[in-house]
Amino acid sequence: MYRVVLLNDDYTPMEFVILVLQKFFKMGREKATQVMLKVHQEGKGVCGLFPRDIAATKVEQVCSFARQHQHPLQCMMEEA
């Protein structure tokens, strides 16, 4: 299993991070806000735990969506 992790940056708006968490990880607003604050305060936050293929797909979806909206948001996966 792999953790999908969002990394903090100084440019991506907090609202965009919440949108990403709701759209790609099916989080409610409250949970998405908690994860976003963790990313903001601690430098990274875990979005979920997935099998390797699903984690890789989520990372690609998030990175692609961020690029389309011209945000430098970084997403990665790490072995759990």
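User: Which relative accessibility does F65 have, and is F65 buried or exposed?

Analyst: With a relative accessibility of 11%, F65 counts as buried (buried means under 20% relative accessible area, exposed over 50% and partly exposed in between, with a 1.4 Å probe and protein chains only). This is a predicted model, in which local features need pLDDT of at least 70 and side-chain atom pairs count only at pLDDT 80 or more, while totals for chains, interfaces and linings use all residues. Residues are numbered from 1 along each chain as its sequence is written, and side-chain values use heavy atoms, leaving out hydrogens and water.

User: How many aromatic pairs does a search of the whole structure find?

Analyst: A pair of aromatic rings is described by the distance of the centres and the angle of the planes. The search finds three aromatic pairs, where rings of Phe, Tyr and Trp (its six-membered ring) pair if their centres lie within 6.5 Å, and planes under 30 degrees apart count as stacked, over 60 as edge-to-face and the rest as tilted. The ring centres of F16 and F65 are 5.4 Å apart and the planes stand at 10 degrees, so this pair is stacked. It links F16 in helix α1 with F65 in helix α3 (residues 52-68), 49 residues apart; helices are DSSP runs (H or I, at least four residues), numbered from the N terminus.

User: What kind of pair do F24 and F65 form?

Analyst: The centres of the F24 and F65 rings lie 5.3 Å apart with the planes at 70 degrees, so the pair is edge-to-face. F24 is itself buried, at a relative accessible area of 11%, and ring pairs link F16, F24 and F65 into a cluster.

How values were computed
Helix = DSSP H or I, 4+ residues; strand = E, 2+ residues; numbered from the N terminus.
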